[in-house]
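Please open the model in a viewer and keep the selection panel at hand.

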Amino acid sequence: MSNCSESRVLEFYRGSTVLLAGGTGFLGKTLLEKVLRCLEVSKIYLLIRTKKGCCAEERLKTILEDRLFDRVRKPELLAKIIPVEVDYEQEYFGLTSGLKSQIQKEVQMVFYCIATVRLMAPLKEIVETNVFLARRMLQWFRTFSRLKTCVYTSTFFCNVDKEICEEKVYRDLPFGGYEIVMNMLKQLSVEECEQLKSTILQKFPNTYVFNKRLAEIMIETEFGQTLPVAIYRPPVITPTYREPLIGWTDNTFGTVAYIKSCWDGLGIVKYFDKRAKCDFAPVDYCANAVLVSGFDAVEMRLGGSDRCIQVYNHHNNKANKTYGELASWLGDSRTAVWERFVWYRIIV
C-alpha cells in the first residue's frame, strides 16, 4: 500500500465512512494521515476529548499542524475529517442524540486505537480505559447498522507467557479466570487493586499486557458472535520508516527514549538480555497493517472462516536481530559517547 496503487484493499474502503477512536495518539495520527492520503473515503469521524481546556476543533487544528500531515493539507481532504468531542465518562460519551444517531447510521469502518500505554500504571486506572471503556465502545459499535469491520488494536506482548503465540485469543487468566477477574476489578477500589496486584497479575510482567489479554478475552467472549471485530497485535512501534516522511515520531517513549538516552549520554547503565530478539515495527507499517486487517477480516468471514474473531500478529520471522546487535550499531554510530557507557547484561 506504500505507493497507493489500485488494489482490492483500496476498493474496499473507497467511499466509506470511517470512525477513528484514539486518533490523537501515535498510531492513530499516522493512521489518520494514511486514510486521508491513500483511501478515497467519504468521511472520517474523529473522536477527540477536551484536554487542557482545548475543545475538539482546537485539538484537531493543532494535530494537523504537525509536519506528518504536510502531504494531505488540502481543503478537500481535511474537509472529510469531522471532529467529534467526547467525554468517555458520560453516557454515550457525551454525544447529542442527533450526532449519535447520525454516526450509528453512517459509519461502516471502525478503527479502535484507544489505550493507556503506561506499562506500570495502577491496575484500576488502566483497566478502566483498556477494558471497561473498550467494552462500552464496542457495545455502541454493535448498534451501527452499516458496520462492515471493526479493528481493535491490542499488542503482540499480551501473550508473553506463551512460547508460541498463535493468531487466536488465549482465554487463560490467573486468579480464577475471566468472569472472576472482571467482577473483582469492577468492585475493588484503586487501593485494593494495588494491594492485590501481584496476586492478580502473577505471570504477567506489568499491568498493560495483563489488561490487553483481559480486553481480548472480553472482546471474544462478549462480542465475537455479534460484532464484525478483528484484533490486530503490533509489536514495539517505532518511528516511521518512509511514509509519509522518514523517521517521524511525536514522542520520546519506548525505543526513541532508549536511543535518545544513548546519544545524549544520559542513560549510562543499561540492563538487558543481549540475545533477546528485537520485535519492532515502524508506525507506518502498523497503520498499513490495521487497514489490511480490516479488509482481510471481512474477506475471511465471507469465505466462511470458522473463527468468530480474526486475530493478526504483526511479526517478521526473518527479523532475527537482537538487542546485542542493536547496541553494537548504536555504539558504532556514536563511539565517543558509547565509550562512556557501562553495560550490565542478563546474559554475558
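On a 1 Å grid over the protein atoms alone, a cavity is a set of points where a 1.4 Å probe fits but cannot get out, a pocket is an open set with protein on both sides within 12 Å along at least five of seven lines, and lining residues have an atom within 4 Å of a point. Grid points are joined across faces, edges and corners, and a volume is the space filled by probe spheres set on the points. The model is predicted: local features need pLDDT of at least 70 and side-chain atom pairs count only at pLDDT 80 or more, whereas totals for chains, interfaces and linings use all residues. Numbering starts from 1 along each chain as its sequence is written, and side-chain values use heavy atoms, with hydrogens and water left out.

Next, select T238, D279, F280, A281 and P282, which lie nearest the centre of the second largest pocket among its 23 lining residues. This pocket has a volume of about 600 Å³, and helix 11 provides the largest share of its lining, 4 residues.

Finally, display M137, which touches A21, L47, Y88, F93, Y112 and I114 (heavy atoms within 4.5 Å), not counting residues up to four places away in sequence.

Definitions and conventions:
Helix = DSSP H or I, 4+ residues; strand = E, 2+ residues; numbered from the N terminus.
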